[in-house]
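Subject: Structure handover

Hello,

Here is the structure we talked about. Please open it next to this message. My notes follow below it.

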Amino acid sequence: MFLWGTALSANQSEGGFEDKGIGVIDMLPSGKTRFQVMKDPTLHEEEECYFPSRKGIDFYHTYQEDIQWLAEMGINSLRLSISWSRLFPTGLEAEPSKAGVRFYDCLFEELEKYRIEPIVTMNHFDTPYYLAEHYNGWESRVTLEAFETYSAFIITRYSRFVKYWIPINEINMALHLPFVGAGLIQQSNSASIYQAIHHLLVANAQVTKFAHEAGNNKIGCMLAAGNTYPATPNPEDVFACLTDDRQSLMFSDVQLRGAYPKYYITKLEAEGINLNIVNGDLEVIKKNTADFIAISYYNSKMSQSKKSGIEQTAGNVFSSLKNPYLKTTEWGWQIDPIGLRITLNTLYDRYEKPIMIVENGLGAKDQIVDGKITDEYRIDFLKEHIFQMEQARQDGVEILGYLTWSGLDIISASTGEMEKRYGFIFVDLDNEGNGSNKRIRKASYYWYQQFLKGKFSS
Ligand code: BG6
């Protein structure tokens, strides 16, 4: 069965901070300082900041109604994440929190009631802050071991509801935003980042081993994806693209081919980095490759070998040179539906593993006019991307599902804004968390509902 659905993450939706430990993203304030703190968490100031992920959209308390609305829209699958720090507040507890377990028990039962298949991310920017503060996050094997305990617990308890698991959201994020992706507070030397990446990759393999031994679980490696185009046909620019794309593909190469690729080993040697690899690490990576590739896709990128006058623009995780053939969103992300087809084909050619699109959507400032939200731009965006995904399927790419980002409006991960809205369901909160928190169905909700009706009746 093809998965048609939508997605959200715990840290951007749940709130319910009274019942959880602090995750790394809970330390990111809203407003202008957010990005600076994200880059350098030692800059963070507690006083008078609003930390949006601590409030989310209160999904912790509203999940029943929210799931009912999503079910009425007609989805057969919902990607969500379990908050590590809700179950193990510091990451080091021997037993999970009772309140946390109760919440996820109820959440999965609720989804089952509507026959919505959960696709579960285990760590969506949610490494317990305690591990970041005391062990520099994933640089330490303590974090790796803590994750083993946590992941074993959730697989054992929830695999009766869940088949598809994604251990680490956008694992390639660790290279670019090491605090958010890998809980690194001290990140001034790149050796810490590479060591953390090694532990993330070992974790993925260990989870795969455990999950396969435990039953019919499928494990996905997830990339923030989107191919890079050369700014010109100059072979030097083409090579620059290849090098840029390898920064992400390294992660999937390890997780799907079972070994570090030569180009990465060479790069580490050139930088004088010696990874601390303990006995058994490379073996577990080799023997436990992932079952599928999960991708988030928002934009393609463009780069070149030498700096020129081409303007830069923003994008998911990576900024990019501005491609003159593409329009951008209000946040400068380049809209490129054909890029989705290119990305899917590239990944499938390389690995021949099924791909699941677990995030794709448009962040926009929606307006309520006469009680209605007419987000035709979002409908167009989704239609064009779905069309290109279907083209990729015809090209022969094996695709497991298409899950939009996001079901409801939630906190933006990069900016912390509420007004960067992706949902089919509007949530009445502003960037400071003020508002009624009321939900309103957008035009895109009714469009997706009709679209899914057509899919499931045919
Ligand atoms: C992905 C993340 O990077 O992009 C999501 O997995 C995030 O958590 C999404 O929300 C969109 O990014 P943003 O910054 O616009 O919320």
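Asn437 counts as buried, at 17% relative accessibility (buried is under 20% relative accessible area, exposed over 50%, partly exposed in between, with a 1.4 Å probe and protein chains only). Its phi is near 65 degrees, a positive value in a residue other than glycine. Asn437 sits in the loop between strand 15 and strand 16 (439-441). Helices (H or I, at least four residues) and strands (E, at least two) are DSSP runs, numbered from the N terminus.

Before you go on: this is a predicted model, where local features need pLDDT of at least 70 and side-chain atom pairs count only at pLDDT 80 or more, while totals for chains, interfaces and linings use all residues. Residues are numbered from 1 along each chain as its sequence is written, and side-chain values use heavy atoms, with hydrogens and water left out.

Glu352 also has a positive phi, near 50 degrees. It lies in the loop between helix 15 and strand 13. Glu352 is exposed, at 60% relative accessible area. Trp405 and Ser406 are joined by a cis peptide bond, with omega about 0 degrees. Ser406 belongs to the loop between strand 14 (399-405) and strand 15 (425-427). For background, most residues other than glycine have a negative phi, and most peptide bonds are trans.

**Helix 13**

Which residues of helix 13 are buried? They are Tyr263, Tyr264 and Leu268. The buried residues pack against helix 11 (190-214), helix 12 (235-257) and helix 15 (337-351). Contact means heavy atoms within 4.5 Å. Just after helix 13, Gly272 has a positive phi of about 70 degrees.

**Asp375**

Asp375 is in the loop between strand 13 (355-359) and helix 16. It is buried, with a relative accessible area of 0%. Leaving aside neighbours within four places in sequence, Asp375 touches Asp366, Gly423, Lys442, Ala443 and Ser444.

**Helix 16 and helix 17**

The contact involves, among others, Leu382 and Ile386 of helix 16 and Trp447 and Phe451 of helix 17.

Best wishes
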